Amino acid sequence: MTWADSAVQTAQPNVVLIIVCAVLVATGVFLLLERSLTRVLLGVVLAGNGVLALFLIVGGKAGKAPLVGVNNPDQMSDPLPQAMMLTAIVITLATVAFVLAMAYRQWQLTGSDDVQDDVEDRRLQRLAREDATSETFDNSAVRTIDSDELAVDEVQAANSDLYLGGDSIAEQIGDAMPASSPDDVTRFDR
Amino acid sequence: MNNIVALPVLLPLLGAGVSLALRGRPLAQRFVSISFLSAVVVIAAYLMWTTDQHGPQVLWVGAWPQPLGIVLVADRLSALMLLVSSTVTLIVVIFSIGQGVADRDEATPITIYYPTYLILAAGIANAFLAGDLFNLFVGFEVLLFASYVLLTLGGTGERIRAGTTYVVVSLLSSLLFLVSIAVIYAATGTINLAQLAQRIADLNPSVSLVLQLLLLTVFAIKAAVFPMSAWLPDSYPTAPAPVTAVFAGLLTKVGIYAIIRTQTLLFPHSPLSGLLMWAALLTMLVGILGAVSQSDIKRMLSFTLVSHIGYMVFGVALGTEEGYAGAIFYVVHHIAIQSALFLIAGLIDRVGGSTSVLKLGGLAAISPLLGLLFFAGIMNLGGIPPFSGFLGKVALMRAGIDFGTPLAVVRVVAGVVTSLLTLYALAKAWTQAFWRSPNRAVVRAVATAEDLDIYHLADHNDYELERRDVSEAESETEDRPRRRALPRSMVAAASVMVALSMALTVLAGPLYSYSARAAHDLLKQTPYAEAVLKGPPS
């Protein structure tokens with residue numbers, strides 16, 4: 001058993017610190033769930049400080065500064081969590097700087113710092129909502145037949161036959177097919 | 001002598017500093033990156049040989065009193081991971097040098113690319129070598145920070161959007177990691193992995209269950225295990241091709257490595273085998289169904305990446321020696337093949353002007369070699385014999401059948417289904433991208449490339465390409481800068497990566513027996529713990 005173990009074993013948890021830790025983490029998580037990147041960042045800062053408070057709790061009883069030769073080792077507070085906290089503080093600082101820069105860049109580009117949805121995801125979601133068939137499939141079917149130089153109505157007839165759904169499905173396929181004008185798709189796919 | 005263990009971390013860091021000092025001299029930066037990363041490959045190979053012959057190599061950094069300082073440990077598993085990861089980073093850096101040379105007039109901030117890349121390599125090496133949880137955390141943070149910068153390189157709208165998701169998710173997992181470190185320290189009074197191995201066994205089972213769940217959650221986020229996998233396909237595909245390749249190959253595997261390490265060393269009698277089994281099953285199925293529904297090759301590959309993480313988690317869930325051996329073999333195979341496929345996707349992007357199969361077509365006429373590389377890659381990933389993907393899957397399935405519980409057998413069946421669906425999704429993409437009639441996007445992309453002959457494409461008998469389209473594309477793109485679509489160094493790097501994944505088939509015997517030895521060490525625990533705690537101070 002090292003001195004660190006005995007320090008931990010004699011520690012009495014400090015209720016105030018526990019409450020501070022819980023409140024900080026709770027508010028932090030609440031802010032993390034927001035859309036605005038700045039609020040997310042504030043959430044990270046709060047929750048991060050909450051976690052640092054947890055390290056304080058973990059460090060056990062508060063004691064004298066852990067300086068060898070100045071204080072008696074028995075009265076020192078545990079230095080290991082402090083070393084870890086310092087490292088974590090440095091890392092959090094760098095993170096805050098980076099996310100701020102990112103939020104600023106986002107604001108420069110779009111005029112807001114909201115976290116945006118993935119365009120591709122939304123497109124797939126729309127297809128699922130409309131219960132349309134997969135774009136890759138439609139497109140390849142049309143293309144293959146295209147290259148066989150069939151007329152467009154024959155293609156649609158083939159599609160509706162395939163799905164026994166009649167005209168409405170053929171219409172939906174027509175709607176949900178940005179590939180018919182490839183320039184549309186080029187922009188967000190690259 | 002053991003000082004060599006620190007070199008895989010220190011050399012790339014030194015290289016990062018040197019190449020940052022050489023900003024504005026791209027040639028010198030490239031030379032520095034290649035030479036430092038090559039040195040790491042050599043050291044990793046030496047470490048692997050030494051650990052295999054003489055047991056784990058341990059270095060107490062800074063010679064602090066022994067259980068208190070920072071310790072770096074190279075055992076069989078970490079030496080193997082180190083060798084594979086440094087090889088992949090070296091090949092990818094050659095690929096990106098090829099890209100940088102070819103696109104010299106493009107406005108990417110090349111100056112910071114090489115230093116950041118080297119720091120990423122240092123972070124990965126540190127995570128593999130870390131002998132205590134906090135150093136593992138620092139390794140993760142180093143590689144994450146480098147990855148934030150690489151992912152948002154250039155700061156375009158799409159990359160900032162993707163980067164936001166990635167950074168926020170990573171921050172959350174880092175916070176959770178800190179929480180688990182604090183809680184583990186409170187429960188045991190140490191964060192040294194070797195000491196933890198002895199002390200966690202004495203804890204109340206419910207306390208140790210909490211610790212295990214916390215660590216598993218953290219690493220499952222990093223490794224993109226379902227249900228914590230949604231961030232990955234959202235953020236990876238937008239980054240530059242070499243960045244995605246190295247992320248896909250290595251970053252998730254660092255998470256898997258951490259899961260293997262902590263599961264075997266800290267929680268050898270895991271009560272969570274069933275939970276992991278379900279996680280593996282759902283990761284595979286949800287991931288691969290996502291891949292089937294995608295139309296963009298890079299996104300498809302990202303989803304297969306998630307899905308194949310399930311195989312490795314399955315090996316861990318079994319908890320047997322065969323399970324771990326299979327998982328380790330599969331990790332090596334998957335790093336090589338996934339990086340190779342993303343590099344090829346980068347080349348497809350250059351040749352076809354897009355990675356969306358909706359817009360690709362006719363690439364087989366433009367570059368048969370690219371078609372061959374992609375085909376070999378998907379056959380390997382899909383697990384067609386005799387490739388290494390097949391061997392890895394067979395190893396895992398045999399381990400699953402030997403395990404014998406109904407859930408394990410269900411999972412084996414799901415593994416077969418997943419590998420078939422992988423083959424289906426990627427073969428579909430291959431057919432569409434390489435064999436369909438080329439459409440306007442491809443024609444235009446070919447017209448801007450100085451090394452591709454658009455008339456060759458037009459004259460090719462299989463495709464009915466109108467001369468009018470071709471001349472239109474040429475006149476439209478006349479004022480744009482022309483660049484090489486398939487620079488030799490990029491093609492060579494991608495080919496070497498594919499060849500490497502093929503070589504794993506030939507080397508499967510020695511590699512599998514090495515994996516089995518590594519798994520044996522892991523399950524016995526004592527080699528690691530003894531080497532760390534009783535090793536002579538160097």
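In chain B of this predicted model, strand 1 (residues 57-61) and strand 2 run antiparallel and are joined by five bridges, where two strands are taken to pair if DSSP finds at least two bridges between them. Helices (H or I, at least four residues) and strands (E, at least two) are DSSP runs, numbered from the N terminus. Within the pairing, Gln57(B) has Ala74(B) of strand 2 as its bridge partner, and Trp60(B) stands opposite Val71(B) of strand 2. Four of the five residues of strand 1 of chain B are buried, so this strand is largely enclosed by the rest of the structure; strand 2 (residues 70-74) is likewise mostly covered, with four of its five residues buried. A residue counts as buried if 20 or more other C-beta atoms lie within 10 Å of its own, as exposed if 12 or fewer do, and as partly exposed in between, with C-beta atoms placed from the backbone.

The model is predicted, and local features therefore need pLDDT of at least 70, side-chain atom pairs count only at pLDDT 80 or more, and totals for chains, interfaces and linings use all residues. Residues are numbered from 1 along each chain as its sequence is written, while chains are lettered from A and ligands numbered from 1 in the order in which they are written.

Chain B as a whole contains 23 helices and two strands. The radius of gyration of chain B is 23 Å, close to the 24 Å that the globule rule gives for 538 residues, so the chain is as compact as a globular protein of that length; the radius is taken over C-alpha atoms, and the rule is 2.2 Å times the number of residues to the power 0.38. Along the principal axes, the C-alpha atoms of chain B fill a box of roughly 80 × 55 × 40 Å. Buried residues make up 63% of the 538 residues of chain B, and among its contacts between residues at least 6 apart in sequence, 79% join residues at least 24 apart, a contact being a pair of residues whose C-beta atoms, placed from the backbone, lie within 7 Å.

Helix 8 (residues 205-223) of chain B has 19 residues and reaches 26 Å from its first C-alpha to its last, close to the 27 Å expected at 1.5 Å a residue, the expected span being 1.5 Å times one less than the number of residues. Its buried residues include Leu211(B), Leu215(B), Val218(B) and Phe219(B), and the buried residues of helix 8 pack against helix 6 (157-188), helix 10 (241-265) and helix 12 (297-318) of chain B. Helix 8 is followed by Ala224(B), which has a positive phi of about 60 degrees although it is not a glycine. Ala224(B) is buried, with 25 other C-beta atoms within 10 Å, and is found in the loop between helix 8 and helix 9 of chain B. The loop between helix 8 and helix 9 (231-235) also holds Pro227(B), which is joined to Phe226(B) by a cis peptide bond with omega of about 5 degrees. A cis peptide bond, with omega of about 5 degrees, also joins Pro385(B) and Pro386(B).

Chain A has nine helices and zero strands, and 27% of its 190 residues count as buried. Helix 4 (residues 79-110) of chain A, with 32 residues, reaches 46 Å from its first C-alpha to its last, close to the 46 Å expected. Just after helix 4 of chain A, Gly111(A) takes a positive phi of about 85 degrees.

Technical notes
Two residues are in contact if their C-beta atoms, placed from the backbone, lie within 7 Å.
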